[in-house]
Each structure stands twice: as C-alpha cells, then as structure tokens.
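Me: I'd like to learn how to read a few features of this model with you. Could we take them one at a time?

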Amino acid sequence: MQTRITELFNIQYPIIQGGMIWASQWPLVVAVSNAGGLGLLGSGSMSAEELRTQIRQCKAHTSKPFGVNVPIMYQNSAHTMEVIMEEGVPVVFTSAGNPSLWTAQLQERGIKVVHVVSSSKFALKAQAAGVDAVVAEGFEAGGHNGKEETTTLVLTPQVCSAVDIPVIAAGGIATGRGMYATMALGAEGIQMGSRFIATKEATVHQRFKEEVIKAKEGDTILTLKELSPVRLLKNPFYAQIETLYQSREATPGKLRELLGKGRTRKGMFEGNLDEGELEIGQVSSLIYEVKSVEAVFEEILTEFEQVRNQMYTLKR
C-alpha cells in the first residue's frame, strides 16, 4: 500500500499512531512501527530526559522509523526539541502552536515534520511554514482538540483541497471502513489514537482501557473550551465541570482551579476513574476489545481490503 505518506516515512502502511500523553511510551511505539505503521512517542507527559530514555528504548527494540509528538505550547518544548535533535529522531509531529518555530531547524537535521491542524486556514499556514505533511484532525478526536468543531468527514476534503502537501486524516477512525472512507476523501494516511489506547501495549491503566471498551454513543463530550478544548469520557470529575458550568461561574480561573494539576495522569495512568481526566475520542463506542497492536493492524487492513473490493463490485 503506497502513498506519499508511506514514502515520506518509509513505512509499509499509511497508519500513524497518535502521540498520546501517558499512553504512547516505547512499548506501544515499537509495536506500531514493527507492525508496519509509524509509532509516535507522546512527549507531553515526559521530561526531556525521560524522553531521551524512551527514544533510546525505541532504538533498542526496533529498526523501523518512529517519531515524537510535541505540543509546542508546553513549557518544556524547547528542551524536548533539543533532545529530539541530539538523538536523531527521524520524524516529529508538532501540535498546539506555531509550526514555523521549529520546522526549519528540524528539517536542517534531516527530520521530517508534520503539523496537526483543525482547519484549512491552519493547514495553509503549516504548509507556508514548510512542513512535510499535515494531520487534519476532526472534532471527533479525543484529547485536546480544535475550537472549530469541524468533523473529520468535512475537514479532510477541505484540507486536501487547500494544500499540496500530503494530508493525514485523524479523529473518529478506528476501523478499516473509517480508513477507506477518509482516504476516499483525499487523505493519504490515517492517524489513530483511541484505537491504540485499547491495546495491550498502551501504557495507560487497565481500568481506563476497560472504560474505553465499555463506552457507548454519547459517553464522551468536548469541554473546557475556555482553556483548551478537550474530549473526555463522562465520569464524576466531568460532573464537577458540568456543575460549575451550570452555576454560570465557569470562568477560566475557576476552571483552572478545578482542573488543578495531574488530572490526566490520575485518570489515564493511575486508573482513578472518579477524579481523573479520561481523554478519549467519540470512536470509543466502536471499540469492543483490548487487543494487541498486531491484531489491530490485521483487523483494520483486512476490513480495508474487504471494503475496497466491495466498492469495485458496485454497478454503475
């Protein structure tokens, strides 16, 4: 399966694993890369030196390409980038910030750069900054999200029409059917986060994985838009957020006070389902089982081929 994305990253399949905080440590990254996709370390939950250790573990366990996801707005992003360049990581996905800050420096060292966008306007800015590709991430996605609330079905063709560089679709993709649909809209690859959360290799707590596979339609919601929009599973902590909104006192200051520090670690990594943030996408309602990464690839690629064959047989 060849696209400009497989050629750009030198991978077998155009499937990229989201660089999710607390979930995307070296065991998941290595498993995805070894399966023929592109694994990404989630640097947002790591210090610079923790990231260095994770990069070296990836190098020790795979000869395949892998990358690092870097939220530019994070305070330690400059130190993160220094480690990435020192360690010679082949691919960097940037998000939540201005891609022009780092793109040229990374590319000068032979590093491929991809930026995550939530609109065609930001996609054009990323292209102007010189990135090698963009991720068009729709409203359905888990974790931190764009404010535009444009769905993947609408966003993907808009971005593909706006830019000349390759586009990776993200948000609401966890099946071979979803992969086929977004590639039919012009994407040359997909990025999945939620589906890889519910794998044996993901480094989140087992209790969180079990909540993901129990999720039904409507069990996630995009909230905290006054700070940075984030999609969460509804739980007692979310109920506290909702109570604050209903009181009409949900100022940015009071929301930050309620959020505090370490909520995501508490929920996703430590498994505190009552007090933690449980970041996951709408597509969690289509995930029914915790599987190995290898099994996920087999399932998605088999279904993709089935759908492609089905489309070939449609009569005019």
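Me: Which residue follows helix 8, and is its phi positive or negative?

Reply: Helix 8 is followed by Gly 186, with a positive phi near 120°. Helices (H or I, at least four residues) and strands (E, at least two) are DSSP runs, numbered from the N terminus. Before we go on, this is a predicted model, where local features need pLDDT of at least 70 and side-chain atom pairs count only at pLDDT 80 or more, while totals for chains, interfaces and linings use all residues. Residues are numbered from 1 along each chain as its sequence is written, and side-chain values use heavy atoms, with hydrogens and water left out.

Me: Which residues of helix 8 are buried?

Reply: Buried means under 20% relative accessible area (1.4 Å probe, protein chains only). In helix 8 (residues 176–184), that holds for Gly 176, Gly 178, Met 179, Tyr 180, Thr 182 and Met 183. Contact means heavy atoms within 4.5 Å, and the partners of these buried residues include helix 7 (152–162), strand 8 (167–170) and helix 14 (293–312).

Me: At what angle do helix 2 and helix 3 pack?

Reply: Axes are lines fitted to C-alpha atoms, for helices over the stretch in contact, and angles run from 0 to 180 degrees between N-to-C directions. Here helix 2 (residues 26–34) and helix 3 (residues 48–61) pack at about 35°, their axes 9 Å apart. Trp 26, Val 29, Val 30 and Asn 34 of helix 2 meet Gln 54, Gln 57, Cys 58 and His 61 of helix 3.

Me: How much space lies in the largest pocket?

Reply: Rolling a probe the size of a water molecule over the atoms shows where empty space is left. On a 1 Å grid over the protein atoms alone, a pocket is an open set of points where a 1.4 Å probe fits, with protein on both sides within 12 Å along at least five of seven lines; lining residues have an atom within 4 Å of a point. A volume is the space filled by probe spheres set on the points, which are joined across faces, edges and corners. The largest pocket holds about 1,100 Å³. Its lining has 49 residues, and the closest to its centre are Ser 95, Val 116, Glu 137, His 144 and Asn 145.

Me: Which element gives the most to the lining of the second largest pocket?

Reply: That is helix 13, with three residues. This pocket has about 890 Å³ of space and 26 lining residues, with Tyr 74, His 144, Leu 259, Gly 260 and Gly 262 nearest its centre.

Methods
Buried means under 20% relative accessible area, exposed over 50%, partly exposed in between (1.4 Å probe, protein chains only).
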